[in-house]
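Please keep the sequence and the 3D view open as you go.

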Amino acid sequence: MPSLGADMEAGTLVEWLKQPGDKLHHGDIIAVVETEKGAIEVEIFMDGIMGRQLIAPHTKVPVGTPLAIIEGVAGEQAKAAPKAAEAPPAPAVSKPIAPTAAPGAAIRATPAARKAAAARGLALDGLAGTGPEGAIQLADVERELSAAGAPAARKGLDLDKMRHAIAAAMTRSKRDIPHYYLATTIDMSRALAWLAATNAARAPEARLLPAVLTLKAVAAALRRYPKFNGFYNDPGGFVAREPIHIGTAIAIRGGGLVSPAIHDCDRLSLDELMAKLRDLAARARDGRLRSSELTDPTITVSSLGERGVESLYGVIYPPQVAIVGLGKIVPRPIAVEDKIEVRPVMAATLAADHRVSDGHLGSLFLNAVDARLQEPEKL
Amino acid sequence: MSAAAEMVAEVTYRDACRMALRDALVRDTRVFLMGEDVGHYGGCYAVSKGLLEEFGPERIRDTPLSESGFTGIGIGAAMNGMRPIVEIMTVNFALLALDQIVNNAATIRHMSGGQFGVPLVIRMATGAGRQLAAQHSHSLEGWFAHVPGLKVLAPATIEDARGMLWTAIEDPDPVLIFEHVMLYNSGGPLAAGAGAVPIDKAAIRRAGQNVSLITYGGSLPKALKAAEELAGQGIEAEVVDLRTLRPLDDETICASVAKTRRAVIVDEGWCSGSLAAEISARIMEKVFWSLDAPVARVCSAEVPIPYPEHLEQAALPQVPAIVAAAKGVVG
Amino acid sequence: MTDTELRISVIAELGNIAPETDAGSIDPDADLREALDIDSLDFLNFIAALHKRLGVEVPESDYAKLLTLNGAVRYLATKTP
């Protein structure tokens, strides 16, 4: 069972899409798993043959449980989807204590309780223990975790569960990550003019949205400032990631939010980015995201769009180290050389992890985003 | 299953041991039984009663009181093609044959580079409860389970008493079978067709979700009784019968503990350096992250087993102590 | 194409965009973005769907005219035979 985020403890196998004996290729979707974030398609990251399936459909198992044996992999057996479980440096099974071990304060909790709590980002210090000598045991953790959301039978998204998952991840973020915040105002007149000219010649289905330009600009700036693109884990500290996978916050009608990755954002053309965005939004709302899309984001961009307000200060999604917030594009009087002009402007903010970077570097990064948006034709 | 196998007879553990001996003697002419008082007296615990009359003195051989001597003879016979069954009256007396068992039987396969094997079976009684005092009452099977080259079995049920011997005889290496003295009189149903059983797997004797009671031999009935009491208090105990003490079936032990997240080991040996200690260590090594409580042990008091009945009973693992330990880890 | 036919088309496409909502029961003069909780991407998908269904290509400069159900029907009536 892959870990599909810092806040995931267990998942329910909904169905197998490959049967024993089927040939598997890198990138194939082999199963569907239900999590707090909806039904997620589990990908395989190796070639081989589907062997014995260890878990039957409609079974709920903890993260890290082998789902199936993949045969014919370099002469040895490999468990299904190990990549998905190891790719995110989110608290994995191998280091279960790290996120909850409070230095100095010894919390009496059993190994099983610690592992379950770490997998879901649950702090143990507020829990009452009912185990031997008052120890917090697995049942106490499970009671706490299930208190917020009753299991739902319907397919796709469960907004209550999603709210619970967001709560766990954001609580952990605000507790563990020393955020700092920067803001700048970006003149969007060139970007919008270029976009209008480009879209005028296109049929509606081929048109671009401003979000595509801003995503590409952020990706290009990240190439220059890699300190905002990667993961921070305890212990070990920050590790920059070479690929730029931008988690794109997508609001779910009725409440809820997911930030699936647009992979290799800096290498995609604007048209490819637009197609990705369209596809992701549709599947996110359908509750049909893929495992790698949930685990891979190396940074998040959250945009309030035209119905939002002017600025947004985000909360970092651990173990990422930065989130860029983009406000509504609004006409505002600004000084252009020595005249005042009304121009469309957008507030861009950065919330970043102070353990990894400082405000100086953050401001250089935001300025780089601004600079890219002044030359939209180069994006 | 044949019609014969469905027929069930009420037998004692002692009967089952005798049926196993008889069956082996009938099936394989290389098999013979040797030990103190196994012939004319019928065995110290009457296991071999009647066999001398049926199979004659060539195959049911009374020996002098010389454990080292007749165990050595058994090793030699095994190396030369026979399938001897050596009976040692109690494990306490097996200490006199330790040199033969540990230095010869267990090593020859390795020291000869695989050229010679010792297909020998040694049966012995073990355990306390019959007021036989310290020199006849100890549970030393854990010592033998320490030694590579030996297999160590502890049948705790009628089926295993009936079925383990033949599988042991077929093994190409030395196998020690420990029969707990308090089990001989226990009775139960046995299918008429009952026969050989595997000797490489532990068995779940009762399934449960809340705690694993891991035990073997003479402590199994106590663990089952404790599980019954616990069930009355809302705690579902799973009872794991080790059956084979060497090699231990880690897979079954760990699967049970991973499920229940709590383990109590019941072992009539002393705590220090015991089988219970070894099992506890393996649980830490393999399923630490599944544990919801420290592993608990119920073992014999660290004294030579006393003679007076009340003191003897006080020194041994008992049902109330098992129940208390289980409740302690459940919390 | 009659206004009713157009209205049915618009409501059907809005239903595809925001299946969780009941597009047929909204106030026909309410801002669709508010009433159906749709964002700029949804709105672009709506425009693209109208293009495919009715063959009407709405330039970006006319987007504002389609922000209500009544507005969209009026606009489309001028563009369809």
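**Arginine first, then sheet and interface**

The side chains of Arg343(A) and Glu341(A) are joined by a polar contact of 3.1 Å (a pair of N or O atoms within 3.5 Å; within protein, one must be able to donate a hydrogen and the other to accept it, and residues adjacent in sequence count only if both atoms are side-chain atoms). This is a predicted model, in which local features need pLDDT of at least 70, side-chain atom pairs count only at pLDDT 80 or more, and totals for chains, interfaces and linings use all residues. Residues are numbered from 1 along each chain as its sequence is written, chains are lettered from A and ligands numbered from 1 in the order in which they are written, and side-chain values use heavy atoms, with hydrogens and water left out.

**Around Arg343(A)**

- Arg343(A) sits in strand S20 (residues 339-353) of chain A; helices (H or I, at least four residues) and strands (E, at least two) are DSSP runs, numbered from the N terminus.
- Arg343(A) counts as buried because its relative accessible area is 19%, and buried means under 20%, exposed over 50%, partly exposed in between (1.4 Å probe, protein chains only).
- Leaving aside residues up to four places away in sequence, Arg343(A) touches Asp187(A), Ser189(A), Val330(A), Pro331(A), Arg332(A), Ile334(A) and Val336(A) (heavy atoms within 4.5 Å).

**The sheet in chain B**

- An open sheet of five strands runs in the order S9-S11-S10-S13-S14 (chain B), with mixed pairing; two strands pair if DSSP finds at least two bridges between them.
- Its edge strands, each pairing on one side only, are S9 (203-206) and S14 (296-300) of chain B.
- From one strand to the next, the twist averages 25 degrees (axes are lines fitted to C-alpha atoms, for helices over the stretch in contact, and angles run from 0 to 180 degrees between N-to-C directions).
- S9(B) pairs with strand S11 (residues 237-241) of chain B in the antiparallel sense over three bridges, and Ile204(B) has Val240(B) in S11(B) as its bridge partner.
- Helix H10 (residues 220-232) of chain B packs on the sheet and touches S9, S10 (211-215) and S11 of chain B, with its direction at about 170 degrees to that of S11(B).

**Where chains B and A meet**

- Twelve residues from chain B and 14 residues from chain A take part in the contact.
- About 900 Å² is buried between chain B and chain A, 64% of it from carbon and sulfur atoms (the accessible area, 1.4 Å probe, that two parts lose on being put together, summed over both).
- Arg261(B), Trp289(B) and Asp292(B) supply 62% of the area that chain B buries against chain A, more than any other three residues.
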